[in-house]
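This briefing concerns strand pairing, helix packing and salt bridges. Please consult the sequence and the structure shown here alongside the text.

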There are 2 protein chains.
Amino acid sequence: MPQGKPTTVPDDGLTTRQRRNRPLLVVHTGAGKGKSTAAFGLALRGWNQGWRIGVFQFVKSAKWRIGEQTVLERLGRLHEETGEGGPVQWHKMGSGWSWSRKQGEAEDHELAAREGWAEIKRRLADETHDLLVLDEFTYPMKWGWVDVDDVVEALTSRPGHQHVVITGRDAHPTLVEAADLVTEMAKVKHPMDVGQKGQKGIEW
Amino acid sequence: MPQGKPTTVPDDGLTTRQRRNRPLLVVHTGAGKGKSTAAFGLALRGWNQGWRIGVFQFVKSAKWRIGEQTVLERLGRLHEETGEGGPVQWHKMGSGWSWSRKQGEAEDHELAAREGWAEIKRRLADETHDLLVLDEFTYPMKWGWVDVDDVVEALTSRPGHQHVVITGRDAHPTLVEAADLVTEMAKVKHPMDVGQKGQKGIEW
C-alpha cells in the first residue's frame with residue numbers, strides 16, 4: 001500500500017501520474033527467506049490487475065513444481081475460462097525451457113541460462129508480458145553465464161510498460177544501481193540453524 | 001525449496017521427520033518491502049497444500065481490498081466449487097472485524113486490535129486454521145495494545161500443527177526470540193526516495 005509521501009520531487013519533467021505509473025525494475029536479494037515468495041506474491045497481485053504474467057525460473061527447484069507454479073498456472077486457466085485476472089506463463093530451466101527443442105536433453109546449465117536470457121530479451125522487445133519474474137537470475141549474472149552489461153542495457157531500455165522482478169542472492173552492483181526498488185531479505189533466524197529441515201507448504 | 005543441510009542436529013528426542021514437520025512461527029520484519037507480500041505468497045503455497053488459511057489484517061489497508069485478498073478469496077471459492085486447495089478466510093480490522101457486532105461503528109483501533117487478538121487466541125485453541133497470517137500485527141504489540149507476553153505465550157503453546165506468520169516493522173525482541181524463522185526485509189532502494197508514488201499492481 002502507498003505509505004507516506006515521496007521525500008523528494010524530482011525535476012524530471014514527468015507528471016506525478018506519469019511518474020507513478022513508470023514501470024519498475026525490482027530486485028529481491030540477500031541471504032534471507034522470502035525473495036522468491038514475495039516475487040510470486042507480486043505476480044498474484046499483477047494477475048488480479050489483469051496483467052500478462054511471465055515467470056522464468058533459472059535455478060532453484062527448476063526440476064520441481066513448486067506450489068506457486070501450480071496456483072499461478074491454475075489462475076492462468078481461470079483467466080482462460082472466465083476472463084478473470086490475466087494470462088500466466090511459467091517457464092523453468094531445469095529440464096530445458098519449454099520453448100526449446102533441446103528440452104529433456106543432457107543439461108548444460110550455462111547454455112540453458114544464455115538461451116533463457118536470449119528469449120527474455122526477445123519478449124522484452126515484443127512486450128509479451130506486463131510483469132516478468134526472473135527467479136534466481138542473479139546467479140547466472142554472478143557466474144558470468146550472461147553478460148551483466150547486456151542484461152542491464154536490455155532492462156533499462158525496455159519499451160512500453162513492463163515490470164521486471166529479479167530474485168537471488170548477491171545481486172550485481174550494476175543491477176542494483178539500475179533498479180528502481182531493491183529489498184534485501186536478511187536472515188535473522190532460520191530453523192535449519194537448529195537442525196530443522198525444510199517442509200512442504202513452507203519451503204515449496 | 002530445501003537448500004543445504006541443517007548445520008546442527010539437535011538433541012531434542014525428535015526424529016528428522018517430526019522435526020521437519022514442526023509447525024513454524026515466522027516473522028517478517030524490517031523497513032523494506034515484501035513483508036506482507038511474502039506472507040501472502042506463503043498463504044498461496046499453503047492453499048495449494050490444502051491448508052485452511054486465515055488472514056488477519058491489523059492495520060495496513062484495513063479499509064481497502066488489496067489484490068491478494070481478491071485472489072485468495074477467489075481461491076477459497078475455487079476450493080468450495082472444485083475441492084482444489086484449501087478454504088480461505090480473510091478478516092480485516094478496518095471497519096470492524098467481520099465476526100464482530102460492532103462492524104461499521106465508530107472505530108477504536110486499540111479496542112479492535114484487542115478483539116482481533118482475542119479471536120485469534122480462540123482460533124488457535126480451536127485449531128481453526130493450518131496457516132494464520134497476522135498482517136501488521138507487530139504494531140499493536142509495539143504500541144502496547146496487546147500484551148506481548150500474552151501473545152508469545154499463546155503462540156508458543158498453541159496446540160496441533162498451526163503455522164503462524166506475523167508481519168510488520170519493529171518486531172518485539174520477545175517475539176523474535178520465540179520465532180522459528182525471522183527475516184528482515186531491509187530497504188536498499190525505493191522509488192519513493194526519488195519522488196515516485198505507489199502504483200497499482202505493485203503496491204496493492
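Strand β2 (residues 53–57) of chain B pairs with β3(B) in the parallel sense over five bridges, where two strands count as paired if DSSP finds at least two bridges between them. Helices (H or I, at least four residues) and strands (E, at least two) are DSSP runs, numbered from the N terminus. The model is a predicted one, in which local features need pLDDT of at least 70 and side-chain atom pairs count only at pLDDT 80 or more, while totals for chains, interfaces and linings use all residues; side-chain values use heavy atoms, with hydrogens and water left out. Residues are numbered from 1 along each chain as its sequence is written, and chains are lettered from A and ligands numbered from 1 in the order in which they are written.

**Strands and sheet**

- Within the pairing of β2(B) and β3(B), Gln57(B) stands opposite Lys92(B) of β3(B).
- Four of the five residues of β3(B) are buried, leaving the strand mostly covered; buried means under 20% relative accessible area, exposed over 50%, and partly exposed in between (1.4 Å probe, protein chains only).
- Strands β1 (residues 25–29) and β5 (residues 163–167) of chain B run parallel and are joined by four bridges. Val27(B) has Ile166(B) in β5(B) as its bridge partner.
- These strands belong to an open sheet of twelve strands with mixed pairing, in the order β3(A)-β2(A)-β4(A)-β5(A)-β1(A)-β6(A)-β6(B)-β1(B)-β5(B)-β4(B)-β2(B)-β3(B).
- At the edges stand β3 (88–92) of chain A and β3 (88–92) of chain B, each with a single partner strand, so one side of each has no neighbour in the sheet.
- On average, neighbouring strands of this sheet are turned by 15° against each other, direction ignored.

**Helix packing in chain A**

- α2(A) and helix α3 (residues 67–82) of chain A pack at an angle of about 10°, with their axes 11 Å apart. Axes are lines fitted to C-alpha atoms, for helices over the stretch in contact, and angles run from 0 to 180 degrees between N-to-C directions.
- The two helices, α2(A) and α3(A), are therefore roughly parallel, a term for angles under 35 degrees.
- Thr37(A), Phe40(A), Ala43(A), Leu44(A) and Trp47(A) of α2(A) meet residues of α3(A) that include Leu72(A), Leu75(A) and His79(A); contact means heavy atoms within 4.5 Å.

**Salt bridges**

- Over all chains, the count comes to 18 salt bridges, each being a side-chain nitrogen of Lys or Arg within 4 Å of a carboxyl oxygen of Asp or Glu.
- Asp130(A) and Arg52(A) form a salt bridge through their side chains (2.9 Å, N to O). Asp130(A) lies in the loop between α4 (109–126) and β4 (131–135) of chain A, and Arg52(A) in the loop between α2 (35–48) and β2 (53–57), so the pair ties together parts 78 residues apart in sequence.
- Asp130(A) is buried at 18% relative accessibility, whereas Arg52(A) is partly exposed at 32%.
- In chain A, Arg122(A) and Glu119(A) form a salt bridge with their closest N and O atoms 2.7 Å apart; the two residues are three apart in helix α4, about one helical turn. Arg122(A) is partly exposed at 46%, and Glu119(A) is buried at 13%.
- In chain B, a salt bridge links Glu119(B) and Arg122(B), again with 2.7 Å between the closest N and O atoms. Glu119(B) is buried at 12%, while Arg122(B) is partly exposed at 46%.
- A network of salt bridges links Arg74(A), Glu81(A) and Glu84(B).

Conventions:
Parallel < 35°, antiparallel > 145°, perpendicular 65-115°, else oblique.
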